[in-house]
Amino acid sequence: MTPTTPAPALEARNLRHTFGQTTVLHGVSLTVQPGEVVAVTGPSGSGKSTLLHLLGGLDVPQQGEVWWAGQRVDTLDTQSRATRRAGRLGLVFQHHYLLEDLTILQNVQVPLMLGGAGDLIYARHLLTRVGLGERGSEMPSILSGGERQRVAIARALAGQPAVILADEPTGSLDRANAQRVAQLLIDLAREQQAGVLLVTHDEALAASADRTLHLLDGSIVEDVPAPAAG
Ligand SMILES: Nc1ncnc2c1ncn2[C@@H]1O[C@H](COP(=O)(O)OP(=O)(O)O)[C@@H](O)[C@H]1O
Ligand SMILES: [Mg+2]
């Protein structure tokens, strides 16, 4: 690697992970470049969520390495990983874990309090972009599922992370809403030049990614670039 080559936003090297007797990931390697949108597809049980947990530093692999923006993180202790995650990674999971005691805008600002980049003006801007600009002072409990997911997306972006990890972020929404919300996530991430790794069942959505990885029984069996645009 020459000194001018930027580090990948996210890199996994030969991840192996086992629950009890069952090996769930058999040596998974992948990279996500800054600004690149990568979809992950695969049947239920193929290891997608386990992979995202390891990549997000919520769990550590039994073997292999996880790197965020050129820095190895699987060897750090839990607290150091959490601190680093706050500024570098945005997470959107199937269940949008909003903090119910904070207002909608305060939820979006959480990454800023944890040391992420961005400021209050940017948090407000994101809330407007996800269509909830007028509702920042309300509490999350009054929101619909789709609205909660849009707040979770604004929050994931608010710290201007290098990478967004999204695990079936729209799994609980109807198809039309799911596509709109996920496309919004992709558009906003591209504007920020954030890399995205997005687990999805939706073929149409995978088609708007730059690349699709197919996971089967804990191995990446296909790595398919999107057809050239035009
Ligand atoms: N905490 C856990 N303890 C034991 N087995 C688990 C745990 N989490 C996931 N698994 C198992 O690992 C496999 C992969 O699960 P998961 O990563 O959730 O797949 P996917 O997200 O592709 O549906 C499944 O067989 C699942 O039962
Ligand atoms: Mg899953």
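Which residue in S2 is the bridge partner of leucine 10? In this predicted model, that partner is valine 32. The pair belongs to strands S1 and S2, which run antiparallel to each other over 8 bridges. The points below cover the sheet, the helix packed on it, and a pair of helices.

**Sheet**
- Four strands form an open sheet in the order S2-S1-S4-S5, and their pairing is antiparallel.
- Strand S2 (22–32) and strand S5 (71–72) are the edge strands, each pairing on one side only.
- Strand S1 spans residues 10–19.

**Helix H1**
- Helix H1 (residues 48–55) packs on the sheet and touches S1, S2 and strand S4 (63–68).
- The direction of H1 makes about 125 degrees with that of S1.
- H1 is mostly covered, with 6 of its 8 residues buried.
- These buried residues are Lys48, Thr50, Leu51, Leu52, Leu54 and Leu55.
- Glycine 57 follows H1 and has a positive phi, near 70 degrees.

**Helices H5 and H6**
- The axes of helix H5 (residues 145–158) and helix H6 (residues 175–192) come within 10 Å of each other and cross at roughly 15 degrees.
- Because angles under 35 degrees count as roughly parallel, H5 and H6 are roughly parallel to each other.
- The crossing of H5 past H6 is right-handed.
- H5 contributes Gln149, Arg150, Ile153 and Leu157 to the contact, while H6 contributes Val181, Leu184, Leu185, Leu188, Ala189 and Gln192.
- Sorted by class, the contact of H5 with H6 comprises 7 nonpolar, 2 polar and 1 charged residues.

Key: Residues numbered from 1 in each chain as written. Chains lettered and ligands numbered in written order. Predicted model: local features only at pLDDT ≥ 70, side-chain atom pairs only at ≥ 80, totals over all residues. Heavy atoms only, no water. Pairing = 2+ DSSP bridges. Helix = DSSP H or I, 4+ residues; strand = E, 2+ residues; numbered from the N terminus. Contact = heavy atoms within 4.5 Å. Axes fitted to C-alpha atoms, helices over the stretch in contact; angles between N-to-C directions. Buried < 20%, exposed > 50% of the residue type's maximum accessible area, 1.4 Å probe, protein only. Parallel < 35°, antiparallel > 145°, perpendicular 65-115°, else oblique. Left-handed = near helix turned anticlockwise from the far one by under 90°. Nonpolar A, V, L, I, M, F, W, Y, C, P; charged D, E, K, R; others polar.
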